[in-house]
Amino acid sequence: MANALNHWKDVVCRTVEAQRAALIELSGRIHRCPELKFVEHRAAAWLAEYLEGVGFTVDRQAYGLPTAFAARIGNGAPQVALLCEYDALPGIGHACGHNIIAAAGAGAGAALAAVVGATGGSVVVLGTPAEEGGGGKVLMARQGAFQNVAAALMVHPAGRDLAGMHVLALSQVEAEYRGRAAHASAAPHHGINALDALVTAYNGIAQLRQHIHPTERIHGIITDGGQAPNIVPERAAGIFCIRSATELALAELKKRVLACFKAGALATGTELHLRTLGEDYADMWTNQPLIETYAANLQRLGRQLANGTPGATAIVGSTDMGNVSKLVPAIHPMIAVAPPNVPLHSVEFAHWAGTQAGHRSVIDGAKALAMTALDVLCTPALVAAMEEAFARSAGSRVGCHDPTAVL
Ligand SMILES: [Zn+2]
Ligand SMILES: [Zn+2]
């Protein structure tokens, strides 16, 4: 079996090489046409068309989402899911490099299509829209996208080759205050100032930030601060991100942030309306046997994971892949496309995502994902070890928390 596995690994790597030009073209095309969350119509269509061309059966607009897809090949268990993200950021294009995630996932799919008939098992390439705030994977999961999936794999670009990022649980909330308008000079005593309420809350949150864990983050913007300086603002609103190391810690932190919002309303006599925006993102359980398998395959390609080496500080962020990792064994490794000092979500990173270094990560990412998927398809002992590690993570979760609860 080991010999057969090595042979198939050679075949998938050769297949990715044969697809090199097509994959780089696909990555470049998505990079040049950045589309925002939930309207990635062109990227989803191009990927679906490519996968159909290499033998997949494609379900477009899958799981009720217009820009999701599910491309399937092979039969039965184990089933490996390869995830493609392809949404961009407002104003700065593909500054998270999701064009690379998309092309690497599609390339791994094309490579596996060449061998899955011989190995047995099946592969599904999932087009997962709206990672940047919409929670596409959460919505797809709710419709059963990860049922019967043995492993969920993707690769995300970064400034280094890493086993993953430091994934924080995230909730995004909108706070809206309603007061009463009045002439700010002629009759200020008739007014109830909604902006004052929001400023009080904002300052409370700024003070709270001194006394939260180093892994926690609270940051926000004011989206409505009134209409004119000579009218007491009757409405004010802001959007805030709240992040914590785990879903449970996030629930606790949300209570403290809620107290700040309530303080603003209490101090001013305004009405507070709070709502959660989009889906809450979970922290991530990186599946250890699976990431070790990925690391070994990446090493075959001459890349080495930088985790644990001096100076390799963690990348801190949030992703809906965290929610997937609570359902099935999953990994979210990072692949180097830019120098280590170039942060994600910067104009510089958007540039690197379209360079030769970006192209190399599409090819290496596709090969590493395909080889890791092969290990899962061909090694029952690995599947068992993954399931055991997943069960351990699930067992260590203390208490329960409804991630959909509003503050
Ligand atoms: Zn991002
Ligand atoms: Zn991203």
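The protein chain of this predicted model contains 13 helices and 14 strands. Its radius of gyration is 23 Å, close to the 22 Å that the globule rule gives for 407 residues, so the chain is as compact as a globular protein of that length. The C-alpha trace spans about 85 × 45 × 45 Å along its principal axes. Of the 407 residues, 53% are buried. Among contacts between residues at least 6 apart in sequence, 81% join residues at least 24 apart.

The domain assignment divides the chain into domain 1 (2–165 + 283–395) and domain 2 (169–281). Their C-alpha centres lie 37 Å apart. Where the two meet, 11 residues of domain 1 are in contact with 10 residues of domain 2. On the domain 1 side, the elements that give two or more residues are α6 (136–142) and α10 (321–325). By class, this side of domain 1 has 2 nonpolar, 7 polar and 2 charged residues.

In soluble globular proteins, nonpolar side chains tend to be buried together. Here the largest nonpolar core has 127 residues, and those with the most contacts inside it are Val12, Leu47, Leu82, Ala106, Leu153, Ala370 and Ala373. Helix α12 (residues 356–378) gives the most to this core, with 12 residues. Domain 1 and domain 2 both give residues to the core, so it lies between them.

Not counting residues up to four places away in sequence, Leu82 touches Gly105, Ala108, Gly109, Val123, Val125, Leu153, Met154, Leu369 and Ala373.

Strand β3 (residues 79–84) is mostly covered, with 6 of its 6 residues buried. In a regular strand the side chains alternate between the two faces of the sheet. In β3 both faces are covered: Gln79, Ala81 and Leu83 are buried on one side, and Val80, Leu82 and Cys84 are buried on the other. β3 runs parallel to strand β4 (residues 121–127), to which 6 bridges join it. In that pairing Val80 stands opposite Val123 of β4. β3 also pairs in the parallel sense with strand β5 (residues 151–153), over 3 bridges. There, Ala81 stands opposite Ala152 of β5.

A few backbone details remain. Most residues other than glycine have a negative phi, and most peptide bonds are trans. Ala77 and Pro78 are joined by a cis peptide bond, with omega about -10 degrees. Pro78 is placed in the loop between β2 (69–75) and β3.

Ala130, in the loop between β4 and α6, has a positive phi, near 55 degrees. Ala130 counts as buried because it has 25 C-beta neighbours inside 10 Å. His345 also has a positive phi, near 65 degrees, and its place is in the loop between β14 (334–336) and α11 (347–352). With 13 other C-beta atoms within 10 Å, His345 is partly exposed.

His211 lies in the loop between α7 (194–208) and β9 (217–224). Because it has 8 C-beta neighbours inside 10 Å, His211 counts as exposed. From C-alpha to C-alpha, His211 is 48 Å from Ala77, and the two are 134 residues apart in sequence.

Note on methods:
Residues are numbered from 1 along each chain as its sequence is written. Chains are lettered from A and ligands numbered from 1 in the order in which they are written. This is a predicted model: local features need pLDDT of at least 70, side-chain atom pairs count only at pLDDT 80 or more; totals for chains, interfaces and linings use all residues. A nonpolar core is a set of buried Ala, Val, Leu, Ile, Met, Phe, Trp, Tyr and Cys residues joined through C-beta atoms within 7 Å. A residue is buried if 20 or more other C-beta atoms lie within 10 Å of its own, exposed if 12 or fewer, and partly exposed in between; C-beta atoms are placed from the backbone. Helices (H or I, at least four residues) and strands (E, at least two) are DSSP runs, numbered from the N terminus. Domain bounds come from an automatic or database domain assignment. Two residues are in contact if their C-beta atoms, placed from the backbone, lie within 7 Å. The radius of gyration is taken over C-alpha atoms; the globule rule is 2.2 Å times the number of residues to the power 0.38. Ala, Val, Leu, Ile, Met, Phe, Trp, Tyr, Cys and Pro count as nonpolar, Asp, Glu, Lys and Arg as charged, and the others, Gly among them, as polar. Two strands pair if DSSP finds at least two bridges between them.
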